[in-house]
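Here is my note for you to read with the model open beside you. Take the points one at a time and find each residue as we go.

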Amino acid sequence: MADRTFTAGRFGLVLEGSEFLGFVKKVSGGVIRAELAQQQLGPDNVSKKHINAISYEDFTVRAGMGMPKGFYEWIRAAFDGAHISKNGEVHACDFEGNSMCVRSFRDAHISEVTIPAMDGSSRQPAYMTIKLDPKEIEYRPGTGSQVPGENPHPRRKWRRSNFRFELGDLPCKRVAKIDSFTWKMAVVKDEVGDFRIPTLHPVKIEVPNLRLTISMADVEPWEDWHRSFVVEGNCGEDAELNGSITFLSPKRRKELARIHLRNVGILSLDTWDQPANREEPARFTVELYVEDMKFEYLAADA
């Protein structure tokens with residue numbers, strides 16, 4: 001049969017050679033790139049160009065709550081500061097699930113996790129965006145047959161509207177929105193000797209701030225905390241609060257995952273950030289700093 005092009009409609013993720021994680025929403029990146037070096041030779045202003053080294057782009061994976069527990073345990077370990085690297089493969093498949101081409105990776109670690117914006121009025125599905133930083137990537141053709149089969153794990157639906165926010169004893173039942181935020185593991189490259197592939201070493205965890213939109217009905221206790229913490233300067237560790245963001249199933253009967261928030265302080269409170277001449281519920285916004293975040297997967301036990 002003559003060769004023909006195909007449209008990659010599905011992306012299958014395999015870890016450690018045999019653990020099939022199923023089909024994810026989207027995969028991008030994973031490109032092998034040559035680094036360009038230029039040399040000025042002689043008086044003619046012509047640059048001599050050649051390849052100096054090879055670099056490997058991150059894989060960006062979008063996934064919901066339908067992956068097996070091991071995938072979320074890898075995320076949990078990253079939030080805990082553990083530099084756990086894994087080998088794996090990304091299969092670009094046609095719409096029948098046949099593997100058409102493969103990008104395998106070695107010693108990849110999780111460098112970023114982005115939580116989508118949570119909005120109580122939204123009916124859109126929610127997907128985390130995870131960046132995998134590999135040490136090495138290899139291209140190869142697919143087998144032409146189906147990858148190890150459909151994900152045997154139940155596909156737990158996750159929507160942007162299904163969440164619960166808690167912080168100390170502040171009123172939080174009317175938190176309407178949480179802006180998207182990104183947790184990061186910063187790494188440095190160690191270029192050693194004549195090796196073309198550098199080693200990667202984690203150096204720090206970057207914990208993002210949070211921005212919330214809350215019903216004006218609950219503004220008074222938040223204003224009291226803001227006044228004490230920011231205006232009056234009572235901002236010691238004993239005034240910081242702990243809390244959590246819990247992601248829920250569509251009917252809110254099951255808890256899918258939770259992000260624990262530790263040592264949270266308030267940075268700003270704005271009651272004027274509202275559109276004029278529009279019939280909408282009155283709301284205020286707050287910005288919070290968070291010293292530490294921990295990820296916990298709950299769906300397997302729900």
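1. A disulfide here is a pair of cysteine sulfur atoms within 2.5 Å. By this rule the count of disulfides is zero. Cysteine 101, in contrast, is partly exposed, with a relative accessible area of 31%. (Buried means under 20% relative accessible area, exposed over 50%, and partly exposed in between, with a 1.4 Å probe and protein chains only.)

2. A word on what you are looking at. This is a predicted model, in which local features need pLDDT of at least 70 and side-chain atom pairs count only at pLDDT 80 or more, while totals for chains, interfaces and linings use all residues. Residues are numbered from 1 along each chain as its sequence is written, and side-chain values use heavy atoms, with hydrogens and water left out.

3. Next, the nonpolar core. In soluble globular proteins, nonpolar side chains tend to be buried together. A nonpolar core is defined as a set of buried Ala, Val, Leu, Ile, Met, Phe, Trp, Tyr and Cys residues joined through side-chain atoms within 4.5 Å. Which members of the largest core touch the most other members? They are Ile75, Phe165, Leu167, Trp222 and Leu288, out of 68 residues in that core. Strand S19 (residues 283–297) gives the largest share of this core, eight residues. (Helices, H or I with at least four residues, and strands, E with at least two, are DSSP runs numbered from the N terminus.) There is also a second, separate core of five residues, including Val14, Phe20, Phe23 and Val147.

4. Now zoom in on isoleucine 75. Not counting residues up to four places away in sequence, isoleucine 75 touches Ile110, Val113, Met128, Ile130 and Phe295. Contact means heavy atoms within 4.5 Å.

5. How many cavities of 30 Å³ or more does the structure hold? There is one, and the largest cavity contains about 40 Å³ of space. (On a 1 Å grid over the protein atoms alone, a cavity is a set of points where a 1.4 Å probe fits but cannot get out, and lining residues have an atom within 4 Å of a point; points are joined across faces, edges and corners, and a volume is the space filled by probe spheres set on them.) The lining consists of Trp74, Ala78, Ala82, His83, Ile84, His109, Ile110 and Met185. Helix H1 (69–79) and strand S8 (99–115) each supply at least two of the lining residues. By class, six of the lining residues are nonpolar, two are polar and none is charged. (Nonpolar covers Ala, Val, Leu, Ile, Met, Phe, Trp, Tyr, Cys and Pro; charged covers Asp, Glu, Lys and Arg; the others, Gly among them, are polar.)

6. Two strand residues are worth a visit. Threonine 60 is found in strand S6 (residues 59–63) and is buried, at 18% relative accessible area. Serine 244 sits in strand S17 (residues 241–248) and is buried too, at 7%. Leaving aside neighbours within four places in sequence, the contacts of serine 244 include Phe165, Ile259 and His260.

7. Helix H2 (residues 219–231) holds histidine 226, and serine 228 lies in helix H2 as well. Is each of them buried or partly exposed? Histidine 226 counts as buried at 17% relative accessibility, whereas serine 228 is partly exposed at 24%. Leaving aside neighbours within four places in sequence, serine 228 is in contact with Gly233 and Asn234.

8. Finally, a backbone detail. Most residues other than glycine have a negative phi. Aspartate 107, in strand S8, has a phi near 55 degrees, a positive value. Asparagine 263, in strand S18 (residues 255–270), also has a positive phi near 55 degrees.

Notes
On a 1 Å grid over the protein atoms alone, a cavity is a set of points where a 1.4 Å probe fits but cannot get out, and a pocket is an open set with protein on both sides within 12 Å along at least five of seven lines; lining residues have an atom within 4 Å of a point.
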